Amino acid sequence: MRRLILLVASLGLVVFAVVASDDKKAPAEKPKIPEMKFNDVVEVAPGVFFRYSSIPSPAEPKAPFGGCNNIWVIFKDYVVVIDANFPKEAADVLADIRKTTKLPIKYVLDTHHHGDHAYGNCVWAKEGAKIVASKPCERLLKTTGPKDWEIAGKDRKDIKDNELKQVDVSFDEKFVVDDGTQRVEFIPIGHCHTAGDAVAYLPKQKILCTGDACVNGAFNFMGHSNSGSWALNLEKLEKREIDIICPGHGKIAGKELLAKQKRYFDDMRKKVKKGIDAKKSLEEITMELDLPWYKEWTGKAARDIKDNVKHVYDELNGKIDYDKIGLNRHPLSWPVVDESVTTTTARDNSFPDLGAR
């Protein structure tokens, strides 16, 4: 009996030692965020590729606007692409995909209806791909697309020489692509950057592809947004297991990027609301808007992005019609930074008027 007691005690010590040893294990290392140059392609996880698209910024004001970032996932028999880009840039992305695989393109997700994320649909369709989007994105591309496409064709040959391709498959809740080797979930996230925003989530790799619902830098166009809903929906995304964020514009980052993006809207809304309550004018509120952390992050002062401040000011004063907001034109090129003044100008002067169409 004594031997049995000693044996059980010994086994208990071994089990305790194993558990204690496990408790002392260092937490798993987070994946390293790669350093990238414009138009670089990096494999962020096995079979998952990210292409970093060129975009003007305070650090590189003369950089050409190359549309959105793109991600593609290689499944066993086909490829899934996140965001369609412009037609010209879609062809560039396709050429890069062909350097990684010869498999056919099966699905392309439009994360929203803006031209730099959806006008390349025509290129992918010629490859045999089905265009996938949320129901609101599908609606906006149908209602705003034809007229905007026609106008955009005056300035962009790649648009003029093609035809607008509409969505093939739309979803209300979730669209899942899973063949046992890879899994991608297309998820609508409510009104953020637009009323039709969707993200692509890779649960096995803990990768979130956000479109313009989350960007890494001073790249937020808020003309079609609901800033209050945007902040709340980013908070919901933060509850997911995420190691890597692949944003619509800007460099790859860790999960902390969601918090930075959310803080921008939260802090601006608080500052603008305080100014409104103090009966200050939009000009006074804009001039006094001070977010040092934002400039440290993006290289640009929040007060200098006057369109965004005005949008929040109009929201908090009840001047935004969210049912019509997506029906106004959106910019097809990125604002050019003019270092001599505190404002920016768009290359094609296509920032929208937020009044009803």
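Predicted model: local features only at pLDDT ≥ 70, side-chain atom pairs only at ≥ 80, totals over all residues.
The residues are His191, which is buried, and Lys174, which is partly exposed; the helices are α8 and α11, which sit oblique to each other.

**His191**
- You'll find His191 in the loop that links β9 (183–188) to β10 (198–202).
- Its relative accessible area is 13%, so His191 falls under the 20% cut-off and counts as buried.
- The His191 side chain gets to within 2.9 Å of a backbone oxygen, that of His224.
- Beyond its neighbours within four places in sequence, His191 touches His224, Ser225, Asn226, Ser229, Trp230, Asn233, Tyr322 and Ile325.

**Lys174**
- Lys174 belongs to the loop between β7 (169–171) and β8 (175–178).
- With 44% relative accessibility, Lys174 is partly exposed.
- Setting aside neighbours within four places in sequence, Lys174 has contacts with Glu185, Phe186, Ile187 and Pro188.
- Ala200 is 26 residues away from Lys174 in sequence, and their C-alpha atoms are 9.9 Å apart.

**Helices α8 and α11**
- The axes of α8 (residues 256–277) and α11 (residues 306–316) come within 10 Å and cross at roughly 60 degrees.
- That makes the two helices oblique to each other, and their crossing is right-handed.
- On the α8 side, the contact uses Tyr264, Met268, Arg269, Val272, Lys273 and Ile276; α11 brings Asn308, Val309, Val312, Tyr313, Glu315 and Leu316.
- By type, the residues in this α8–α11 contact are eight nonpolar, one polar and three charged.

Methods:
Residues numbered from 1 in each chain as written. Heavy atoms only, no water. Helix = DSSP H or I, 4+ residues; strand = E, 2+ residues; numbered from the N terminus. Buried < 20%, exposed > 50% of the residue type's maximum accessible area, 1.4 Å probe, protein only. Polar contact = N/O pair within 3.5 Å; in protein donor to acceptor, adjacent residues only side chain to side chain. Contact = heavy atoms within 4.5 Å. Axes fitted to C-alpha atoms, helices over the stretch in contact; angles between N-to-C directions. Parallel < 35°, antiparallel > 145°, perpendicular 65-115°, else oblique. Left-handed = near helix turned anticlockwise from the far one by under 90°. Nonpolar A, V, L, I, M, F, W, Y, C, P; charged D, E, K, R; others polar.
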